[in-house]
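I hope it is handy to read with the viewer open.

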Amino acid sequence: MALIGTTIFNILIFLSVYAQVFFFITFLENRKKIVIRKGKITLDNYPAVTIAVPSFNEENTVEKTVNSLLSLNYPKDKLQIFLIDDGSTDNTWNVINKFINYPNIRIFRKENGGKYTALNLGLENLKTDFFGCLDADSFVDSESLIRIMSYFHNDSSIMAVAPSVTVHNSKNFIQNAQKAEYNMGVYFKKMLGFLGAINVTPGPLTIFRKKVFDDLGFYRHGHNTEDMEIAYRMQKNQYKIEHCNDAYVYTNTPATIKKLYKQRVRWIFGFINNTIDYRKVLFRKKYGNFSLFTLPMGIISIFSVSYLFGRIVFNLANFIYTKIIEFKTVGFNPNIKSFIFDPFFINTQSLFFLVIVVYFLIIFSMVFGRKMAEGKFAFSPGMLYFFPVFSIIAPFWLLKAIFNTLLRRKPAWR
Amino acid sequence: MNSNQIDWKKYLIVLLITTGLFFTAIYLSNYFGNQKIGQLKTIQDKIAIDILSSETQFSLLSELSCKNIHDSVFSTELEELGNKLEWSQDNLGATEEVSYLKKYYSLLQIKDYLLSKKISARCGVKSAFILYFYTTAANCSECEKEGLVLSNLRKEYPELRVYSFDYSTDLSAVTSMLQIYKIKDTELPALVIDDEVLTGFHGIEELKLRIKESFKLQEVKPIKS
């Protein structure tokens, strides 16, 4: 039994090291291609773009979101903005009505049907060759769109370009931990971009060619992660997705553990279920690194975290049990000598060194991701407490997402 | 449309690097494991010298006086070695080397016990001994509890010397001890206090009473942190 446990553990560690090394090698291969533009750029021609802002009860943030779009460095006559109220029950409709007189803004109101239906309403009214979405809790950097459009300009085979999403106004430690995570996300997304293996085209400001929707159809429910489903569909049809690292979008992140938990259950649930829906894409050479690297590694990380969690719970229960036995046997004893540090007792098992390698590579990805996202090549305290915060809570949302999947995917009665 | 081909060479290179990292980690682990075993050996040698020296000192002084013999005679490192060996068994794996060291440790304990007993008899040095027999071969939860009781007792009474023996140690000296006290593997844990054999679990309060009676020991005052 113990042997099986150790073997599984070793395999999972091996695959985790493999994934991190794979990212690192990709970085070394492509590091010269990572360009971080500082100033304004111009394009030879400016293709017309439509950006849809679907909102459901976003009265507090939507105005700022629209204002950020209005201050984009992009010709006004080439930028169409759709404000779509997806049946909000708060003051959102009144807030977006303030923009009714702007020549390049159109306002829509519909019954609540979920974000993908709001986006599809936008697509139905689309007149331009490019379409993007901006969540109503996110704000764009004024240079973001033009930088994204330069990618399409340089390579006609690119079908979608995702931006670098970073955290807006992080106040508490949960948000700071997420900030470190988003920085890491920027790095991983760039590397996946080099591998042609991006699996999410995030809600905040991914720009698509209209052709994507013409060829592959509109947004789908996608288990509440329509931005993941469309990316899977594009990968399945071998449509190229790029990542524009210097196009910055700032998003509001959950400020409490409960909200973060809900968000992540949705994401992981989306990952699991979209992967199940697109299981035929797995391990097929023709789908490239998306099929051989992104999806398997995502699945492995779910297993690793669940397994690690099981181990931690087991060890913790064991520890508590031992302590209870100790207390029952000898009672609480204040006479016990204080702990004396002796290097002899430092764990030097091989796993210990491998875990250090993994942590080192993860911290590197955060530091370099921060360099790409904020221009600073530096360590931040959030990077340190990312580990405890996420390793304590992540297993819960993972297990909840797995649990939800199992319940929902129960075979039908007949 | 997707220009991304699979770069098999890269998958292979990453596999090689990862395997390399694994072997390096295993190598490092072995290296430090050996260092630790080396450290254990050094401690054991030191204890062996201490005991030998004490024996010699004892023989030299036996006809004269016991004055100089008091504190220096008791090797203080036996407990440390015991803890480290136990840790090594759990963390380095029960390798041959660790079990060999364990045998040696048992032998040193017996020697220390005999010598201390002799000194205390001859010179009237106040000392108290408990021989403790346990097993690691079977799942013995009572043994774990007894171990906890004894380590607590040892902290409360620094003069108390506890010698612990794994029943399954394949060493004739340990076997002799088992025979002398007629200890069976079905009756573990077993304690020998003042030549009296106690089998099964015995709580801390009971043992405290016994050792107070047998050895007239004084409790240490709680350390204030």
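1. Let me begin with a loop. H223(A) sits in the loop between α7 (210–216) and α8 (226–236) of chain A; helices (H or I, at least four residues) and strands (E, at least two) are DSSP runs, numbered from the N terminus. H223(A) is not a glycine, yet its phi is positive, at about 55 degrees. It counts as buried, because 22 other C-beta atoms lie within 10 Å. The cut-offs are 20 or more other C-beta atoms within 10 Å for buried, 12 or fewer for exposed, and partly exposed in between, with C-beta atoms placed from the backbone.

2. A word on provenance and numbering. This is a predicted model, in which local features need pLDDT of at least 70 and side-chain atom pairs count only at pLDDT 80 or more, while totals for chains, interfaces and linings use all residues. Residues are numbered from 1 along each chain as its sequence is written, and chains are lettered from A and ligands numbered from 1 in the order in which they are written.

3. Q238(A) also deserves a look. It lies in the loop between α8 and β8 of chain A, and it has a positive phi of about 55 degrees although it is not a glycine. For context, most residues other than glycine have a negative phi. Q238(A) is classed as partly exposed because it has 16 C-beta neighbours inside 10 Å.

4. Next, the domains of chain A. Domain 1 covers 1–33 + 159–197 + 236–330 + 349–407 and domain 2 covers 37–154; such bounds come from an automatic or database domain assignment. Their centres, taken over C-alpha atoms, are 30 Å apart. The contact between them takes 12 residues from domain 1 of chain A and 13 residues from domain 2 of chain A, where two residues are in contact if their C-beta atoms, placed from the backbone, lie within 7 Å. On the domain 1 side, β6 (158–167) and β8 (240–251) of chain A each supply at least two residues, and β8(A) gives the largest share, 8 residues. By class, that side has 7 nonpolar, 3 polar and 2 charged residues. Here Ala, Val, Leu, Ile, Met, Phe, Trp, Tyr, Cys and Pro count as nonpolar, Asp, Glu, Lys and Arg as charged, and the others, Gly among them, as polar.

5. Which residues touch the most other members of the largest nonpolar core? They are V53(A) and A160(A), in a core of 107 residues. A nonpolar core is a set of buried Ala, Val, Leu, Ile, Met, Phe, Trp, Tyr and Cys residues joined through C-beta atoms within 7 Å. Helix α6 (residues 173–195) of chain A contributes the largest share of this core, 11 residues. Apart from it lies another core, of 22 residues, including F133(B), Y134(B), L150(B) and Y167(B).

6. Now the contact between the chains. It takes 35 residues from chain A and 35 residues from chain B. On the chain A side, α1 (2–30), α10 (288–330) and α11 (350–374) each supply at least two residues, with the largest share, 7 residues, coming from α10(A). That side divides into 18 nonpolar, 13 polar and 4 charged residues.

7. L292(A) is found in helix α10 of chain A. Leaving out residues up to four places away in sequence, L292(A) touches F283(A) and I6(B). With 19 other C-beta atoms within 10 Å, L292(A) is partly exposed. L292(A) and L282(A) are 10 residues apart in sequence and 6.7 Å apart in space, C-alpha to C-alpha.

8. Turning to chain B, it has 6 helices and 4 strands, in the sequence pattern α-α-α-β-α-β-α-β-β-α. Buried residues make up 28% of its 225 residues. The chain is divided into domain 1 (11–61 + 69–123) and domain 2 (126–225). Their contact takes 11 residues from domain 1 of chain B and 12 residues from domain 2 of chain B. Helix α3 (residues 96–123) of chain B supplies the largest share of the domain 1 side, 10 residues.

9. Last, a helix in chain B. In α2(B), the buried residues are L78(B), L81(B), K84(B), L85(B) and S88(B). Seen down the helix axis, the buried residues of α2(B) fall within an arc of 125 degrees, so they line one face of the helix; the arc is that of the directions from the helix axis to the C-beta atoms.
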